[in-house]
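Trainee: Could you take me through this structure feature by feature, giving the general idea before the particular case?
Mentor: Gladly; let us look at it together.

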Amino acid sequence: MTMLTGPPFAPVPPPPPRETGPWPVVAAVLTGFWVVLVTVPGQVGGWLVEQVMLVMGLGRAVAVWPVVAVVTVLLAGAPSLALALAPRSPALRATGRAWTAAVVALGATTLLRTVPPVHHEAYLAALAVTAAVLAFVAARLARVRPPAAVDAVPEGRFGTVPLLAVAAGLASLLPWAWVGALGGALETVLAGLAAAALGTLAGALLGARFWAAFGPGPARLVLVGGLVAGVALTPLAAAAGQSGVQLPALFLLPPLGFVLAALEAAARHSRRPAGPAPVRWLIGLALLGPLAFTDPDEITLLLATTRDTPFWVAVGTGVAFAVAVLLALGYGVLLARSPARAPRRGPAALAAAALLVAVAVVYVVPGQPGLHGERLLVVLREQADLTGLPAGTPGRAGRDARATEVYRRLVATADRTQRDLRRMLTDMRLKPTPYYLVNAIETDGGPAVRAWLSGRPEVARVLVSQRLRPLPALAPTARGDAPAPTGPAWNISLIGADRVWSELGVTGSGVVVGSSDSGVDGRHPALAGGFRGGDDSWYDPWEDRRAPADRGGHGTHTLGSAVGRDGIGVAPGASWVGCVNLDRNLGSPARYLDCLQFMLAPFPPGGNPLTDGRPARAPDVLTNSWGCPPLEGCDPGALRPATAALTAAGILVVAAAGNTGPSCGSIVDPPAPYPDVLTVGAVDRQRRVTDFSSRGPAPDGVAKPDLVAPGAAVLSAMPGGGYATLDGTSMATPQVAGVVALMWSANPALVGDVERTRAILRDTAQPVPRPAEACGGPRDVSGAGLVDAYALSYEVGRCKPDPGIFLRACGMLGVDPERTLMVGDTPADAGAVAAGCGVLVLPCADAGRPNGLGAVLDLAGVG
């Protein structure tokens, strides 16, 4: 046996005095229920409030957890303190002391949740220090009135009972090694320190003085002492982890109170008191699972709709809870029976070793081995100067020339300003990845590296670039269960796109739409024929898939609304290219930049974006049904240089306003608030702005959205060849991109003319019913109005048998309609009339009519 040292300890304390009546016991039972009733709903409610505000885009509610802390301490601490002071029974006083101390510890640690989840390392460090300080104070207070001393000392750190506690803790850790994944190296170390500190705190609260109060009888010790310990562990569980991580602990720790009581009974059988070591080992190892193997950013309602992190956390919690209950039953039966023999050290050590090996095997084989921490996005102060770009010729040739020059300037700036910093990061083995669309570098590194980088003169700021931890199994591919369309969908008819096809013969041919989203099912019958093809039309920075694919379905649905055939897409004749910037519905600043860079200058598989980009192959218009909130690492200006560069290159960026309405000022997540982005809200079948459509004004006061489009119950493609109806500004956005494709297909001279295109879209938009809420003004709810594909087709030159539209086109562009019509008897072709109206048009002969001026006026209803 290992040499044992330690302070005196009474393995079999004297029986406590009898109560004068049942009422103190009843009060204790009611107090225990009350502590649990206050703690658990408070923790669940605080997390739900944060999540609802996150989903609604209202920002992080920093005050939630301080309020929860104060309310919990007042409501649960007061009756626990009264229980500790009032009764004459040592058991009831010990109960009250343990519960009061646990509630106070919960209040102190809950305040730490004001640290943003994105700074998880800082939170874990603060939790470890706070728990260690609380453990020290609790241990000092417990020594004020120690139990009666006898000639006995507790077992060593690896005595029989501590080894049994290690085995139980490893059994509790086993499910997390399967379903979870570790973060970064520092994050994992700090999680281990926090778990150890919380275990030490539990050992100080549930130490010798606590167990001595429950008398020598093993049944009373396990049933009563275990129940009291379980209640005390409930506030400690609520203290363990950032918002969301504590929820699994609320299920795991309370049953372990009975395990601790059984271990105390085993120590009494051996007449060698266990001391605090079993509590520290068991609670520390049990808490290591959720603290180290889960990311609080991923325990979110945003991922709860599929078999993602919340699902696997629930599975891990359920299995770990079952393990805890089995341990409580098994240890209680085997160790706490009166005739039970003292456990032997050999079998205990063998069980602990076997479970340690099991944890390692499960982690390596069915688990997710390795470190999966966040990265840093280092944004440099100097951004490329894109002023003074040559105007070039109208149309695609001019656009390609501008895109090439923009790409050249961006890459030159990145090469010049990043060279030294990239070399240093490479020497430090931090794996830097350069970016040029925003002059930035993504790199490994924790808080220390971030602080060093932030202090460098060439660095503007350092953002956390989120990375999702891997799952035990991928969620099944999203499918659609709606019937295939039999004609143009209602939203296509509402904006007049079907009339553009049938009456004008314009379907978007010759225009390329770029989609950055969850991916695209390239084999869907509505999308397969539109893929541009070649080695530079698809990019997947997440999984490096070489062919278009999509598991989430969001990207397939949105692109289908832009260019899908069979009646679901606005521009079925347009081509498309795609990029994956969302994985499991979350992204990061770097992943968004990966795709935006690919859209400016596509490159072949395995190519270097800084040297192999092909700006002449850039798509014409981009549809972006995503936003980058602080949860993913973006600040308000994170992507601002990117959209400015794309606009300067003549690429129109269309973005979703967001689904956080009807709150005013809810268009906040990049890139939707940016003035050079065409931001789109959503309307329903009655042309009413939907409640979920985000409202302006933007944070800088700019009126947003710019336009609205159908976004409620929109039918479009889903992976596997199916269809589904979905709601959101995500569904409205690609329809506007499709309208631009129709517009530029009808008049290729407009390709790359972003400002003029935006003006025509606004001028031809149709009014929508004025909503009750005005926000900053009507334009901050519905923008210029509902996009009208049919009307704007004539603004770019198509003849139409509607004199109102014809005359409005001329008058809007600054030419007197009467003066224009006075030349009706002068021979002239349609091009001359177009020049008079300030518009570029295609000949009216395309509509089956002669090409003279008289024919144009005749079509306009003027003799």
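Mentor: We begin with exposure, where a residue is called buried under 20% relative accessible area, exposed over 50%, and partly exposed in between. Keep in mind throughout that this is a predicted model.

Trainee: With those cut-offs, how does Met 428 count: buried, exposed or partly exposed?

Mentor: Met 428 counts as partly exposed, because its relative accessibility is 40%. Its place is in the loop between H13 and strand E4 (433-435), and although Met 428 and Asp 444 are 16 residues apart in sequence, their C-alpha atoms are 9.8 Å apart in space.

Trainee: What should I read from the helix that comes before that loop?

Mentor: As a general idea, an α-helix has 3.6 residues a turn, so residues three or four places apart point the same way. Here, helix H13 (residues 396-427) has 32 residues and reaches 44 Å from its first C-alpha to its last, close to the 46 Å expected at 1.5 Å a residue. Even so, H13 bends by about 55° at Gln 418, and after the helix comes Arg 429, whose phi is positive, near 60°.

Trainee: Where is the kink in H9 centred, and how many of its residues are buried?

Mentor: The kink, of about 30°, is centred on Gly 257, and 21 of the 25 residues of H9 are buried, so that the helix is mostly covered. For the span of helix H9 (residues 246-270), the end C-alpha atoms are 35 Å apart, which agrees with the 36 Å that its 25 residues should cover at 1.5 Å a residue.

Trainee: How do I read a sheet, and which strands stand at the edges?

Mentor: Start from the strand order: this open sheet of seven strands runs E8-E9-E7-E10-E11-E12-E13, with parallel pairing. Strand E8 (538-539) and strand E13 (707-710) stand at the edges, each with a single partner strand, so one side of each is left without a neighbour in the sheet. Within the sheet, strand E10 (residues 621-624) and strand E11 (residues 652-656) run parallel and are joined by four bridges, with Thr 623 opposite Val 654 in E11.

Key:
Residues numbered from 1 in each chain as written. Predicted model: local features only at pLDDT ≥ 70, side-chain atom pairs only at ≥ 80, totals over all residues. Heavy atoms only, no water. Helix = DSSP H or I, 4+ residues; strand = E, 2+ residues; numbered from the N terminus. Expected span 1.5 Å × (residues − 1). Bend = angle between axes of the 7 residues up to and from the residue. Buried < 20%, exposed > 50% of the residue type's maximum accessible area, 1.4 Å probe, protein only. Pairing = 2+ DSSP bridges.
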